[in-house]
Amino acid sequence: MIILTKLNDTKIVLNCAQIEAVDLIPESKVILMNGKFYIVKESAEEIIEKTIEYNGRIHCYHTNR
């Protein structure tokens with residue numbers, strides 16, 4: 001689960017395993033596998049980093065950057 005910010009500054013928690021795609025419009029439109037979508041302030045790169053960090057915590061792997 002990752003925390004993202006909608007355009008009205010409310011926070012949402014999304015299951016990152018359900019993300020199908022991220023469109024850049026220039027905000028990020030996060031499209032879920034069920035067809036629903038959210039427009040958020042975070043960039044695609046930030047969403048990817050949050051997903052990697054979350055998966056690292058869940059699967060117990062570390063990245064040395």
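These notebook entries record what I looked up in the structure above.

**Ground rules.** I am working from a predicted model, in which local features need pLDDT of at least 70 and side-chain atom pairs count only at pLDDT 80 or more, while totals for chains, interfaces and linings use all residues. Residues are numbered from 1 along each chain as its sequence is written, and side-chain values use heavy atoms, with hydrogens and water left out.

**Entry: strands 1 and 2.** I began with strand 1 (2-5) and strand 2 (11-14), where helices (H or I, at least four residues) and strands (E, at least two) are DSSP runs numbered from the N terminus. The two strands pair in the antiparallel sense over four bridges, pairing being called when DSSP finds at least two bridges between two strands. Ile2 stands opposite Leu14 in strand 2. Five residues lie between the strands of this hairpin, and I noted that Asp9 in the turn has a positive phi of about 70 degrees.

**Entry: the core.** I then looked up the largest nonpolar core, which has 11 residues, including Ile2, Ile12, Leu14, Val40 and Ile47; such a core is a set of buried Ala, Val, Leu, Ile, Met, Phe, Trp, Tyr and Cys residues joined through side-chain atoms within 4.5 Å. Strand 4 (28-32) and helix 1 (44-59) are among the elements that each supply at least two residues of this core. Leaving aside neighbours within four places in sequence, Val40 is in contact (heavy atoms within 4.5 Å) with residues including Leu4, Ile12, Val30 and Ile47.

**Entry: Thr10.** Thr10 is in the loop between strand 1 and strand 2, and I list this residue as partly exposed because its relative accessibility is 34%. Its side chain makes a polar contact with the side chain of Asn8 (2.7 Å).

**Entry: Glu42.** I located Glu42 in the loop between strand 5 (37-40) and helix 1. Glu42 is buried yet has no salt bridge, and the nearest side chain of opposite charge, Lys50, is 4.6 Å away; a salt bridge needs a side-chain nitrogen of Lys or Arg within 4 Å of a carboxyl oxygen of Asp or Glu.

Conventions. Buried < 20%, exposed > 50% of the residue type's maximum accessible area, 1.4 Å probe, protein only. Polar contact = N/O pair within 3.5 Å; in protein donor to acceptor, adjacent residues only side chain to side chain. Lys, Arg positive; Asp, Glu negative; His and termini not counted.
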